[in-house]
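Student: I have a protein model open and I'd like to learn how to read it. Can you walk me through a few features?

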Amino acid sequence: MNSDYSFLELDALKEVINIGGGNAATSLSQLIDKPVNMGVPVIEMLDYSEVYEQIMPEDAIVRAVMIRMFGDAEGIFLFTVDQKAFENIVTMMIPEEMEYSDALAESALKELVNILVHSFLNAIIKLLDIQLVTSVPLLTKDMFGAIMSSVYLEQGQYDESIMIIKNEFYHAGDRLDSSLYFVPQPGVIEKMFELLGIGGED
């Protein structure tokens with residue numbers, strides 16, 4: 001874990017994510033008319049190189065949905081799933097009576113990520129009283145390392161720290177294995193801590 005952030009700071013972020021994740025589980029349940037439960041959220045701040053060591057190998061093939069955040073704070077949300085997790089999510093999101101298609105499956109994944117990201121952002125907006133807007137979700141399929149690298153190459157001014165948000169969602173007894181990453185612009189996380197009144201605490 002990145003030692004630049006204290007336990008108090010990470011605990012404060014975890015509470016925000018807990019609220020956002022709970023909102024996301026409720027929204028998903030209402031959307032698909034099926035129960036969706038959420039486990040205790042986990043947050044880690046990792047350096048770019050640590051992601052491949054602790055989260056996923058560079059050569060793993062994944063589907064990734066990217067959403068940009070603009071406004072009083074800027075950054076990129078990146079949601080990644082392997083093939084098995086993608087199939088589980090599609091099964092959860094698409095009603096059995098609907099005819100399957102690749103376009104429908106990808107649309108379902110983007111809608112899931114849209115719900116997750118906006119649930120987190122709404123919690124942050126209400127808590128910190130700031131203005132945030134997002135781009136439309138963009139989906140791609142590639143090696144995990146190539147996707148992460150492209151985010152950093154495209155946004156070269158971004159911080160080396162990546163926020164890993166692990167919200168485990170359960171549907172029909174199965175865990176939906178996925179990760180949501182937040183790559184902030186420099187100073188964004190520190191600004192959030194300052195607004196929470198805990199900046200610089202140990």
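Student: What should I know before I start?

Tutor: This is a predicted model, where local features need pLDDT of at least 70 and side-chain atom pairs count only at pLDDT 80 or more, while totals for chains, interfaces and linings use all residues. Residues are numbered from 1 along each chain as its sequence is written, and side-chain values use heavy atoms, with hydrogens and water left out.

Student: Where is confidence lowest, and where is it highest?

Tutor: pLDDT is the predictor's confidence in each residue, from 0 to 100. The protein averages 80, and 90% of the residues score at least 70. Strand β9 (residues 174–176) has the lowest confidence, with a mean of 71, and strand β6 (residues 138–143) has the highest, at 95. Those labels come from DSSP runs, numbered from the N terminus: helices are H or I with at least four residues, strands are E with at least two.

Student: How many residues does helix α1 have, and how far does it reach?

Tutor: To get an expected span, you take 1.5 Å times one less than the number of residues. Helix α1 (residues 7–32) has 26 residues and spans 36 Å from first C-alpha to last, close to the expected 38 Å. Just after α1, Asp-33 has a positive phi of about 55°.

Student: Which residues of α3 are buried?

Tutor: First, the terms: buried means under 20% relative accessible area, exposed over 50%, and partly exposed in between (1.4 Å probe, protein chains only). An α-helix has 3.6 residues a turn, so residues three or four places apart point the same way. In α3, the buried ones are Ala-85, Phe-86, Ile-89, Val-90, Met-92 and Met-93. They sit on the same side of α3 because they cover an arc of only 160° around the axis; the arc is taken from the directions from the helix axis to the C-beta atoms. Lys-84 and Thr-91 are exposed on the other side of α3.

Student: And which residues are buried in helix α6?

Tutor: In α6 (residues 188–196), Val-188, Ile-189, Met-192 and Phe-193 are buried. Their arc around the axis is only 145°, so they lie on the same side of α6.

Student: Why does Phe-144 count as buried?

Tutor: Phe-144 is buried because its relative accessible area is 0%. Tyr-181 is buried too, again at 0%.
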